[in-house]
Amino acid sequence: MTPPPDELADQLFRSRGRVGHVLALVSGLAGACVLGLLWLTEPALPFRTRMAFLALLVVCAFWAVYGGWSLIRRPLLGLDRVVAGWAAVAVSVATTAGLTTIAASRGSGMPLAALVGAAFLVVASALTIRAHLRRAALLRRKRDLGG
């Protein structure tokens, strides 16, 4: 017997979310492994390059942990999007700080670095606000339904 259309849509929505979390886990692990191995096999890298690798390694490790956490815990009511939004804000702030520091040390490109960093931060903040609003709506609906 064929399940009702609402059930099929619900299954598709849930599986799509899981696929995204699996992709976050796998790509985070792959990125962390590649960066870690490259960092370990190249001992003569300049200090700034090692620090850039470390920053990228931390970001990849975060996404791997986030993907694993969301697959194991299966966060409800949009909590996973709120966590991802705040992570995006943190990475945007760090990227902006890094870009402006590099531009300042070189003496050129400061306006462009600030503009790119600001664009990252605006997009990450908008997504975080959207995630909070969606979570609040879901929590309100849960409360209205008596849950």
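This is a predicted model: local features need pLDDT of at least 70, side-chain atom pairs count only at pLDDT 80 or more; totals for chains, interfaces and linings use all residues.
**Stop 1: the nonpolar patch**

Select L99, L112, L115, V116 and F120, and show their surface. Together these residues make a nonpolar patch of about 440 Å². Next, colour helix α4, which spans residues 110-144. This helix supplies the largest share of the patch, 4 residues.

Keep helix α4 in view and pick L115, which lies in it. Is L115 buried or exposed? Its relative accessibility is 57%, so L115 counts as exposed, the cut-off being over 50%.

**Stop 2: the second largest pocket**

Move to the second largest pocket, which has a volume of about 640 Å³. To centre the view, select M51, A52, A55, A94 and G98: of the 21 lining residues, these are the closest to the pocket centre. Then display α2 (47-73) and α3 (79-106), the elements that give two or more residues to the lining. Which of the elements gives the largest share of this lining? It is α3, with 11 residues.

Colouring the lining by residue class gives 14 nonpolar, 5 polar and 2 charged residues.

**Stop 3**

C60 has a relative accessible area of 17%; buried means under 20%, so C60 is buried.

How values were computed:
Residues are numbered from 1 along each chain as its sequence is written. Side-chain values use heavy atoms; hydrogens and water are left out. Patches are made of residues with over 30% relative accessible area and no salt bridge: like charges are joined within 9 Å, nonpolar side chains (Val, Leu, Ile, Met, Phe, Trp, Tyr) within 5 Å. Accessible areas come from the Shrake-Rupley method with a 1.4 Å probe; for residues, only the protein chains shown count as cover. A salt bridge is a side-chain nitrogen of Lys or Arg within 4 Å of a carboxyl oxygen of Asp or Glu. Buried means under 20% relative accessible area, exposed over 50%, partly exposed in between (1.4 Å probe, protein chains only). On a 1 Å grid over the protein atoms alone, a cavity is a set of points where a 1.4 Å probe fits but cannot get out, and a pocket is an open set with protein on both sides within 12 Å along at least five of seven lines; lining residues have an atom within 4 Å of a point. Grid points are joined across faces, edges and corners, and a volume is the space filled by probe spheres set on the points. Ala, Val, Leu, Ile, Met, Phe, Trp, Tyr, Cys and Pro count as nonpolar, Asp, Glu, Lys and Arg as charged, and the others, Gly among them, as polar.
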